[in-house]
Amino acid sequence: MGLYKIEGIVLRRRSLGEADRLVTVLSRDRGKLTVVAKGARKPRSRLGGRLEPPTRFRALMAEGRTLDVISQVEVLDAHAALRDDLERMGDAAVVLELADRALADRHPHPEVYRLLVDALALLRTGPRALVPLWFAARLLVLTGHRPAVGRCAVCGTRIRAGGAWSAVLGGCVDATCRSRDPQAVGISSWAIALLAFLLDARPAAIRRVDPPASEVAAIAGLLQRYAEVCWETRLRAPAVVGRLREPALRVAEGRGPADPPPVLRQQRT
Ligand SMILES: [Zn+2]
């Protein structure tokens, strides 16, 4: 039986049998793994408490016939500050679910691991409205699903006015091509600018900006629908994103603010 060590972050956990737990983790070097924590649900188990989302840990793994077994868990960061704040924890849940849905098992993705570490750090302090959206946007890019923004996903024409967003066509589409998708929704030029910013923003830039909720809402629904199409899934935990979906569509249809988002004005300084 082979042994190996991992550093990872707990994405989710569920019960297995009488006393064990199945734990899904994103490891730095081996990608997403689902492993068995033996006895983790016994009242005095120390293992159980150390494998709660979104704990970052180091552990020893033993290869099993079907599932590997985790032991000797050393907590690197329990994210206590996150867990004490329900709203921040809600955002963390969104981020963890996105990582879980986007990744296949056992495909190493160190850049995504780094992204998750950065997103959890951003959620601990400071403005956090953009963090789940930034994480979703960067995750789409890192998993090979960068949406077309500013140019039409179908014909490549630069979009000036009358642009729309189509999840199935690949992002922004121009007035001519939007007819190919009856579910395409209008998108304002500032929403396009905010999306473009998120797709390539570094963590420090996200920390500096705190746009109004309406601006965040405008793209939350668009990104969620796009991610669901790319990853062929329905997202559950984005209750935060889900709540924003209604206003998102309203604003996206052109009734939102006309000015460019402050996020972009601030970035230039
Ligand atoms: Zn086009």
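Reply: Let us begin with what is meant by paired strands: two strands pair if DSSP finds at least two bridges between them. This is a predicted model, and its chain has 11 helices and eight strands. One hairpin joins β4 to β5 through five residues.

Me: How many bridges join β4 to β5, and in which sense do the strands run?

Reply: Strands of a sheet pair through backbone hydrogen bonds, either parallel or antiparallel. Here β4 and β5 (residues 68–77) run antiparallel and are joined by six bridges. Within that pairing, leucine 60 has serine 71 in β5 as its bridge partner.

Me: Which residues of β1 have partners in β4?

Reply: β1 and β4 also run antiparallel, with seven bridges joining them.

Me: How many residues of strand β4 are buried?

Reply: Buried means under 20% relative accessible area. Five of the seven residues of β4 (residues 56–62) are buried, so the strand is largely enclosed by the rest of the structure.

Me: What lies between β1 and β2?

Reply: These two strands form a hairpin with three residues between them, and glycine 17 in the turn has a positive phi of about 60 degrees. β1 and β2 run antiparallel and are joined by eight bridges. One of the pairs is arginine 13 with valine 23 in β2.

Me: Is arginine 21 buried or exposed?

Reply: Arginine 21, which lies in strand β2 (residues 20–27), is buried, with a relative accessible area of 14%. Leaving aside neighbours within four places in sequence, its contacts include Arg13, Arg14, Arg41 and Glu52, together with Leu16, Val35 and Val36.

Me: Let us turn to the metal. Which residues are the protein donors of the zinc ion?

Reply: The protein donors are Cys152 (SG), Cys155 (SG), Asp174 (OD) and Cys177 (SG), lying 2.2 to 2.6 Å from the zinc ion. In sequence these donor residues are spaced C-x2-C-x18-D-x2-C.

Me: What is the geometry of this site?

Reply: Ideal angles at a metal are 109.5 degrees for four tetrahedral donors. The angles among the four donor atoms of the zinc ion are 87 to 127 degrees, and the site is tetrahedral.

Me: Are aspartate 174 and cysteine 177 buried or exposed?

Reply: Both are buried. For cysteine 177 the relative accessible area is 7%.

Me: How many disulfides does the structure hold?

Reply: A disulfide is a pair of cysteine sulfur atoms within 2.5 Å. The structure holds zero disulfides. Cysteine 172 is in none, and the nearest cysteine sulfur, that of cysteine 152, is 8.8 Å away. Cysteine 172 is buried, with a relative accessible area of 0%.

Me: Where is glycine 156 found?

Reply: Glycine 156 is found in the loop between α5 (131–142) and β6 (164–166). At 32% relative accessibility, this glycine counts as partly exposed. Glycine 156 and valine 173 are 17 residues apart in sequence, and their C-alpha atoms are 8.5 Å apart in space.

Me: In what order do the three strands of the open sheet lie?

Reply: The order is β7-β6-β8, and the pairing is antiparallel. The edge strands are β7 (171–173) and β8 (185–186), each of which pairs on one side only. Two bridges link β6 and β8; in β8, glycine 186 is the bridge partner of alanine 164.

Me: How many residues does the largest nonpolar core have, and which of them have the most contacts inside it?

Reply: In soluble globular proteins, nonpolar side chains tend to be buried together. The largest nonpolar core here has 60 residues, and those with the most contacts inside it are Leu116, Phe135, Phe197, Leu198 and Ile206. The elements that give two or more residues to this core include β1 (3–16), α3 (86–102), α4 (110–124) and α5. The largest share, 10 residues, comes from α8.

Me: What are the figures for the chain as a whole?

Reply: Of its 269 residues, 51% count as buried. Among contacts between residues at least 6 apart in sequence, 59% join residues at least 24 apart.

Key
Residues numbered from 1 in each chain as written. Predicted model: local features only at pLDDT ≥ 70, side-chain atom pairs only at ≥ 80, totals over all residues. Heavy atoms only, no water. Buried < 20%, exposed > 50% of the residue type's maximum accessible area, 1.4 Å probe, protein only. Helix = DSSP H or I, 4+ residues; strand = E, 2+ residues; numbered from the N terminus. Donors = N, O, S within 2.8 Å, 3.2 Å for Na, K, Ca; no water. Tetrahedral: all angles 85-135°; square planar, octahedral: opposite > 155°, others 65-115°. Contact = heavy atoms within 4.5 Å. Core = buried A, V, L, I, M, F, W, Y, C linked by side-chain atoms within 4.5 Å.
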